[in-house]
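Open the model in your viewer and follow the stops below in order. Each stop says what to select and what is there.

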Amino acid sequence: MDHITINTVIDEGMLIKGNISGEGAIRIDGKIEGNIELKEGIILGEKAEITGSVKSNIIVVHGKLHGNISCRFLYIKSTGLIDGDIEVGAFEVELGGKYNGTLKMPDQELQHKEAPKSKKTAEGALLLQK
């Protein structure tokens, strides 16, 4: 994974009720009430508040997620909060990051891709260039 392009941004102050799915990557700073399934990646900014399940290759959580996660690589940042179950190939929690739920790390499907070279590369690839 050298680079992931953010295709969509849900800005702070926006509320979406419904499911989101697709091939690309998204950055969310607003609120979503629904499930999100994107192939490339999902980054939840500090103001993000999601109620629903989330599935993607890479997920970076700075905000709040009330629902289950399924991904290959998960990064819970210091301001991140997850209330739900996690199924992940590999994950990292910064000091201060929180999750409440069960954790499953299956050996098969979720881990078949090579891990990012460094956490800086993985998160940097998802950051929106303004």
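Start by selecting strand S1 (residues 6-10) together with S4: the two pair in the parallel sense over 4 bridges. Strands here are DSSP runs of E with at least two residues, numbered from the N terminus, and two strands pair if DSSP finds at least two bridges between them. This is a predicted model, in which local features need pLDDT of at least 70 and side-chain atom pairs count only at pLDDT 80 or more, while totals for chains, interfaces and linings use all residues. Residues are numbered from 1 along each chain as its sequence is written, and side-chain values use heavy atoms, with hydrogens and water left out.

Show Ile 10 next; its bridge partner in S4 is Ile 28. Ile 28 also stands opposite Leu 44 in S7, and S4 and S7 pair in the parallel sense over 4 bridges.

Stay on S4 and show its side chains. In a regular strand the side chains alternate between the two faces of the sheet. Ala 25 and Arg 27 lie on one side of S4, Ile 26 and Ile 28 on the other, and all are buried (under 20% relative accessible area; exposed is over 50%, partly exposed in between, with a 1.4 Å probe and protein chains only).

Now select Arg 27 with Asp 29. They form a salt bridge, with the closest N and O atoms 3.0 Å apart; the term stands for a side-chain nitrogen of Lys or Arg within 4 Å of a carboxyl oxygen of Asp or Glu. Both Asp 29 and Arg 27 are buried. By this rule the count comes to 3 salt bridges.

Another is Lys 39 with Glu 23, where the closest N and O atoms are 3.9 Å apart. Lys 39 sits in the loop between strand S6 (36-38) and strand S7 (41-44), and Glu 23 in the loop between strand S3 (20-22) and strand S4 (25-28), 16 residues apart. Glu 23 counts as exposed, at 56% relative accessibility.

Move to Lys 77 and Glu 94, a salt bridge with its closest N and O atoms 3.1 Å apart. Lys 77 counts as buried at 6% relative accessibility, whereas Glu 94 counts as partly exposed at 28%.

Finally, select S2, S5, S8, S10, S12 and S14. These 6 strands form an open sheet in the order S2-S5-S8-S10-S12-S14, with parallel pairing. Strand S2 (15-17) and S14 stand at the edges with a single partner strand each, so one side of each is left without a neighbour in the sheet. Within the sheet, 3 bridges join strand S10 (residues 64-66) to S12, and the bridge partner of Lys 64 in S12 is Leu 81.
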